[in-house]
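This report goes through one structure by topic. Look at the sequence and the model first, then read on.

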Amino acid sequence: MTQETVEKVVIFFAGDSGDGIQLAGSQFTNTAALYGNDLSTFPDFPAEIRAPQGTLAGVSGFQISFGSTEIFTPGDECDVLVVMNVAALKANLKRLKKGGAIIVNTDGFDKRNLRLAGFEDGENPLSDNSLSDYRVSEMNVTKLTRECLVDITLGVKEKDRCKNMFVLGFVYWMYNRTLEHTIEFLTQKFKSKPEVLEANIKVLKAGYNFADTCEISSSRFEVKPAKMSSGTYRNIMGNQATAIGLIAASQQSGLDLFYGSYPITPASDILHELAKHKNFGVKSFQAEDEIAAVSAAIGAAFGGALGVTATSGPGVALKGEAIGLAFMLELPIVIVNVQRGGPSTGLPTKTEQADLLQAMYGRNGEAPIPVVSASTPSDCFEASFEACRIAIEHMTPVFFLSDGYIANGAEPWMYPQTKDLKDISVPITTKTEDYLPYKRDEKLVREWAIPGTAGLEHRLGGLEKEAETGNVSYDSDNHEYMVKIRAEKVERIAEFIPLQKVDSGEVKGKVLVLAWGSTYGAVKTAVKELLADGFSVSHAHLRYINPLPKNLVELLSGFDKVLIPEINNGQLIKIIRDKYLIDAIPLNKIKGTPFEAREIKNRIKELHDGK
Amino acid sequence: MENKEYTAKDFSSDQEVRWCPGCGDYSILKQVQSVMPEIGVDKEDIVFISGIGCSSRFPYYMNTYGMHSIHGRATAIASGLKAARPDLSVWIITGDGDSLSIGGNHLIHLLRRNFDTNILLFNNQIYGLTKGQYSPTSEKGKKTKSTPMGSIDHPFNPLALCMGADATFIARTMDRDPKHMREMLKLSNDHKGSSLLEIYQNCNVFNDGAFFGMTDKATKMNQTLFLEDGEPLLFGENKSKGIKLDGFKPIVVSMEDTSADDLWIHDEKDRVKAGLLTRFFDDEMPRPFGVFYSEDRMLYEDALVGQIEEAKELKGKGNLDNLLKGSNTWSID
Ligand SMILES: Cc1ncc(C[n+]2csc(CCOP(=O)(O)OP(=O)(O)O)c2C)c(N)n1
Ligand code: SF4
Ligand SMILES: [Mg+2]
């Protein structure tokens, strides 16, 4: 047996959606994180909860990249592919590097599974040499699992549910990991089911020991802890970070958090997470639909709470009219859009950045709304906090854009402490002298008078309002004035957000990659590698898309070419071209999957070489 | 806070009222303004939320907190407000189109959740603001601009719908009977839970006389039935007619040959009978007014606050630093 030290490994776990792949993946993630590796993960769910077993449509996957170096993406190509059945192999073999390892559950390659995965009679990838470019470790996981549980009285079905622990144990051995964290997790999870707990632990250990003793796996790898900046870390998923960001904003502003939402993939986990934290005074409200969810948030904001609603693209379409109302009322609400593949129901479990223009323009009338976006799972914390800060301090609805990729992805997070967080100043007033509902301060922000305050009784509404008094007004000059002043108010937020920084590279050069949202990791990886190779390239990543940072125009002018990669058919590029009249170059991918770093790298190289 | 002494005038805003002359909405506004001083709530703790429609202009005329929102969503906005601020007295103003067409979904969900709010449903059986199309409560065959050959829609029976949504307070009144309306407004306010008060309101421009038979001197005695808790169902000239139950079938009897003891005695707490009463909806039976049904049930906002208190007790008041930290951390120096 050899023991090899490697810098970075990408593993892809795949199986039927009932095989417990996501659990195995997230357990491996936690263990790697606690060991000190840098990492990035990407779950790949099928659209149906339990698609027909054994079919390609039913394959669920989980990709993790971990290493002793900095990791920004879940990886382009995999080193190891763990497959529970032949469909999982067929669907994911293209991800595997030549020479990579495949860990196979042979039980998932029987006649039935082969037929379900679309193989002709007699065809079997395990026996026809088609895998000769890879290192294949075969084991009958089902049989081994059942054998190890002969003394346990659980039913066969329940025993088979432990299969994921066998492969997890096997992979733990391959990467020299302890079982301790997973055992701890299982002990918590199955507190009230001692038999199930015992079975899971037994099988986990069996998988580990099997790898240790059997002949099939000849190599073991060491992936040292990463040299990350010093500090204390935790592992975090995007939706979780968003939920915590909202709670933090509630605490820093002293406002109660009201969260209205209607379940939709991939945003529901924010609702689940917030519902767990009622001890922070969070009022989570599962509404009857998205219109009710945003309307309830507006009602709560009128009452002096921080009103938040989250959804995905189809839900935002429903919320449009109410968001326009919030804009007219100038009340602080935050609309979270965890984007997914569109249009319509589109690709609900896949990722896309195709709702940016919807956030920017998707309302009737002139209704510009600030847009803040998150770039990585942990960045969802700061970005959602910022969305709340802007909403409250500037009395406006704000869009916060995340997407399926970062919402479900995970990474280590050097989490902040409360004392490091910004304060949020709240424009609530109780002063009765000269109060007018639409009188504005120098930021053009109106005061927030909430019910219960004697002497400040007033009426708001969606009809055009007279400047200052807020009374209904159909006067044409007043309307034009109000449209302009509301737009100017949003523009002025640029004075209260940070200037745009360059993430990697110089502030001047040949090519600038200007990106936003979840493309961060891929762009960063591409640009860093090219910088190391001596290319003149830089990366700037936008968090604030409306308004854009004040210095962006100057930054853009420092480069010969500006490349804008997006997981859509070109949306940020429309905004940038419109605003700065520059001939930015698009790079678009619309496959429901994130960019691979090499795709971005190739395009930068071409541009750099004048192509 | 100490309750202040108010008069109706204190509840009138400085905005000019802009309904058509003769519109039934005026009468409702007047009664609401006159009832407000009697409900024992400080003005600043009262909020009126409306949707869109002629009726929904209402909050502009009330000198309280208010919001004229978007079509059909007043109920949803009020739900969020009440969840955030259980201390407020929240009134919802809505029309038959606003609450039963575009906003039907939010209405039934508010009712089943039982937020402590008062819904005043101005039913004029027409879309007033959009100039006279038929509404979900317009009768079949109604000729309007959008139904020149007569409406082919089966109309909603609003109170039966609300019974079906498990509303905890259901009542009906009309614009032409200010005294009864005041009483119903007060009872709606007194009820802990969602109160639904349907108000028959005459739109004299697009649907004049929709409730003529129930308001005209010559016919109203025979076409209306005023419900009183614990009292027999009597109507007609000099209360000469009564209603009796034959199994579940209501029948009209003459009081000349029936004893009041044999009549249906109204019981606001009886859900089954309330259901039957909401079905007095055709020309054969007089139309009931008053409180059909009233029930005490857990308020949504109380349960919501209750869970927060329980969570605080169980886990302690939330500590942000602990939340940021999570359960597993590691350090790199
Ligand atoms: C989203 C939307 N759709 C349509 C309208 C147009 N609209 C305004 S009021 C109304 C109907 C009002 O009828 P009702 O609720 O019965 O109120 P009324 O005017 O009769 O008091 C309609 C269709 C609107 N304002 N918003
Ligand atoms: S149109 Fe009808 S409901 Fe509207 S204000 Fe005029 S009379 Fe009243
Ligand atoms: Mg109407």
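Are Asn124(B) and Ile126(B) buried or exposed? Asn124(B) is buried, and Ile126(B) is buried too. Here buried means under 20% relative accessible area, exposed means over 50%, and partly exposed lies in between (1.4 Å probe, protein chains only).

## About the model

This is a predicted model, in which local features need pLDDT of at least 70 and side-chain atom pairs count only at pLDDT 80 or more, while totals for chains, interfaces and linings use all residues. Residues are numbered from 1 along each chain as its sequence is written, chains are lettered from A and ligands numbered from 1 in the order in which they are written, and side-chain values use heavy atoms, with hydrogens and water left out.

## Around ligand 2

Asn124(B) also belongs to the surroundings of ligand 2, together with Trp19(B), Cys20(B), Cys23(B), Cys54(B), Gln201(B), Cys203(B), Asn204(B), Val205(B) and Phe206(B). A residue is counted as near if one of its heavy atoms lies within 4 Å. By class, this shell has 7 nonpolar, 3 polar and no charged residues. Ala, Val, Leu, Ile, Met, Phe, Trp, Tyr, Cys and Pro count as nonpolar, Asp, Glu, Lys and Arg as charged, and the others, Gly among them, as polar.

## Cysteines

How many disulfides are there over all chains? The count is 0, where a disulfide is a pair of cysteine sulfur atoms within 2.5 Å. Cys54(B) is partly exposed, because its relative accessibility is 26%. Cys78(A) counts as buried, at 0%.

## A sheet in chain B

In chain B, 3 strands form an open antiparallel sheet in the order β8-β9-β10. Strands β8 (234-235) and β10 (249-254) of chain B stand at the edges with a single partner strand each, so one side of each has no neighbour in the sheet. Two strands pair if DSSP finds at least two bridges between them. Strand β9 (residues 241-246) of chain B pairs with β10(B) over 6 bridges, and Ile243(B) stands opposite Val252(B) in β10(B). Strands (E, at least two residues) and helices (H or I, at least four) are DSSP runs numbered from the N terminus.

## Salt bridges

Over all chains there are 37 salt bridges. Each is a side-chain nitrogen of Lys or Arg within 4 Å of a carboxyl oxygen of Asp or Glu. One of them joins Glu330(A) and Lys489(A) at 2.8 Å, N to O. This pair links distant parts of the chain, 159 residues apart: Glu330(A) is in the loop between α12 (313-329) and β13 (333-339) of chain A, and Lys489(A) is in helix α16 (residues 476-491) of chain A. Glu330(A) is buried, with a relative accessible area of 1%, and Lys489(A) is buried at 3%.

Another salt bridge joins Arg172(B) and Glu198(B) at 3.0 Å, N to O. Arg172(B) is in strand β5 (residues 169-174) of chain B and Glu198(B) in strand β6 (residues 195-200) of chain B, 26 residues apart. Arg172(B) is buried, with a relative accessible area of 0%, and Glu198(B) counts as buried at 0%. Elsewhere, salt bridges that share partners join Glu386(A), Arg389(A), Glu393(A) and Lys422(A) into one network.
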